[in-house]
Amino acid sequence: MAGVSPLSNRWSKQVLSNFEQAATTYNSQAQLQRAVAWRLARQCARQPIPAGFWVDLGSGTGLMADALEACNPHQAVLRVDGCPEMLKHQHQSSSSQLWDLNVGLPSWPISPSLLASSFALHWLINPLERLHEWMAALAPQGWLALALPVQGSFPQWHQAAATAGVSCTALPFPSQASLLDVLSSNSIRHQQLHQFTQQSPEVFQLLKPMRQIGAQASPCPSMGVGNWRHLKQAWPRCQNSGDAQLTWLIQLLLIQR
């Protein structure tokens, strides 16, 4: 992988390994990812996106591609992902391509009129570089549909870590501003920031689904049992219910080249 450090390469392998191990449980646990995929697909259905070659980048088990095809019954979507176990869970009639998006995009015979990606860009090495690359790969007047968590997510986790005096091992996300900077010269047709707050009596139950879908990788060193105990004790609680909460900020973007 030209230009990628051994550390980045190890990170990429760790991410793919985690998702591979979670492939069989992903669909049953990825409620948030499914909900966001449908929101993005419905937004796409409201836009004049031309038929043609449509691709779901970082497709995983195909939640985004499935939603797009459901909203556009005569349009097929190619699923592209670096995890073979995830691709095995696509519908038998669907088309898929095994590809590591960290090395760029595959060489296709035609340019895509739609590149869609949900909950995938932030897992890649140099996500902003990948974003620029995706925009450049579109056919003239082609569209990019994007959904991903952004900076500002997990405020309760960050607050608890600061209060407990321990490292926050939450995955760092790109900022809204950095995404928009890459897209400044293009036509943003839709942008919306969605807030989702999950709630549970136990902090562990808030974080457990991340492991169940393979999303537990972090560039930060793992914490010991003692630090996790301190983190749990410092986690802020909802005043009304007493439950622990975890808030996601999800950026939706539709851009026309």
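Eight aromatic pairs were counted in the structure, a pair being two rings of Phe, Tyr or Trp (its six-membered ring) with centres within 6.5 Å, classed as stacked when the planes are under 30 degrees apart, edge-to-face when over 60 and tilted for the rest. The model is a predicted one, in which local features need pLDDT of at least 70 and side-chain atom pairs count only at pLDDT 80 or more, while totals for chains, interfaces and linings use all residues. Residues are numbered from 1 along each chain as its sequence is written, and side-chain values use heavy atoms, with hydrogens and water left out.

One of the aromatic pairs is formed by Phe53 and Trp108, whose ring centres lie 5.2 Å apart with the planes at 85°, so the arrangement is edge-to-face. Phe53 is placed in the loop between α3 (31–45) and β1 (54–57), and Trp108 in the loop between β3 (96–98) and β4 (114–118); the pair therefore ties together parts 55 residues apart in sequence. Helices (H or I, at least four residues) and strands (E, at least two) are DSSP runs, numbered from the N terminus. Phe53 is buried at 16% relative accessibility, and Trp108 is buried with a relative accessible area of 16%, where buried means under 20% relative accessible area, exposed over 50%, and partly exposed in between (1.4 Å probe, protein chains only).

Phe154 and Phe173 also form an edge-to-face pair, at 5.6 Å centre to centre and 65° between the planes. Because Phe154 lies in the loop between β5 (143–149) and α7 (155–164) and Phe173 in the loop between α7 and α8 (176–182), this pair ties together parts 19 residues apart in sequence. Phe154 is buried at 2% relative accessibility, as is Phe173 at 13%.

Beyond its neighbours within four places in sequence, Trp235 is in contact (heavy atoms within 4.5 Å) with residues including Gln156, Trp157, Ala160, Val203, Leu206 and Leu246.

Six salt bridges are present, each defined as a side-chain nitrogen of Lys or Arg within 4 Å of a carboxyl oxygen of Asp or Glu. Glu202 and Lys232 meet in a salt bridge at 3.5 Å, N to O. This pair links distant parts of the chain, 30 residues apart, with Glu202 in the loop between β6 (187–200) and α9 (203–212) and Lys232 in helix α10 (residues 225–234). Glu202 is partly exposed at 38% relative accessibility, and Lys232 is partly exposed at 41%.

In the salt bridge between Lys88 and Glu85, the closest N and O atoms are 2.9 Å apart. Lys88 is exposed at 60% relative accessibility, whereas Glu85 is partly exposed at 25%. The corresponding separation for Glu129 and Arg130 is 3.6 Å; Glu129 is partly exposed at 47% relative accessibility, but Arg130 is buried at 6%. Finally, a network of salt bridges links Asp66, Glu69 and Arg79.
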